[in-house]
Amino acid sequence: MQTITLTPENQHAYARAALTYRYGEEHHPITQTQVLSARRWEDEKSDLWNTFQRVQENLIKGGLNARSAQGKRRHTRANQGIDGDIKLNRALCVLAENMLQHVS
């Protein structure tokens with residue numbers, strides 16, 4: 001996965017799919033750009049592995065500025081439950097494998 005470089009469009013497609021899994025179809029409190037943002041400069045690479053890691057970290061740790069469906073300012077919450085972490089990690093792995101097949 002570290003050898004596959006993703007275009008910005010592919011990165012945003014991956015982030016969009018992850019947001020849809022996490023928050024559903026109706027309303028996404030954060031943007032794709034926020035989910036793709038790196039918390040450390042080492043993670044700013046555009047390969048599939050780093051994209052996966054950035055999305056995973058931002059969705060699990062939380063703390064991103066968000067907007068509720070009513071337009072109120074909020075912060076995303078950290079994923080506290082083990083079950084939620086496992087389900088989210090499995091979904092992100094499946095998304096990454098599908099992206100790997102799609103790109104290569």
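**View 1. Contacts across the chain.** Residues 24 or more positions apart make up 58% of the chain's contacts with a separation of 6 or more; contact means heavy atoms within 4.5 Å. This is a predicted model, where local features need pLDDT of at least 70, side-chain atom pairs count only at pLDDT 80 or more, and totals for chains, interfaces and linings use all residues. Residues are numbered from 1 along each chain as its sequence is written, and side-chain values use heavy atoms, without hydrogens and water.

**View 2. Order of the elements.** The chain has four helices and two strands. Along the sequence they run α-α-α-β-β-α. Helices (H or I, at least four residues) and strands (E, at least two) are DSSP runs, numbered from the N terminus.

**View 3. The largest nonpolar core.** This core has 20 residues. Tyr 14, Ile 30, Val 35, Val 55, Leu 59 and Leu 92 have the most contacts inside it. Helix 1 (8-23), helix 2 (32-36), helix 3 (48-61) and helix 4 (82-103) each give two or more residues. Helix 3 gives the most, with five. A nonpolar core is a set of buried Ala, Val, Leu, Ile, Met, Phe, Trp, Tyr and Cys residues joined through side-chain atoms within 4.5 Å. Buried means under 20% relative accessible area (1.4 Å probe, protein chains only).

**View 4. Around Ile 30.** Neighbours within four places in sequence are left aside. Ile 30 then contacts Leu 19, Tyr 23, Val 35, Leu 59, Leu 64, Asn 65, Ala 66 and Thr 76.

**View 5. Burial.** Of the chain's 104 residues, 35% count as buried.

Technical notes:
Buried < 20%, exposed > 50% of the residue type's maximum accessible area, 1.4 Å probe, protein only.
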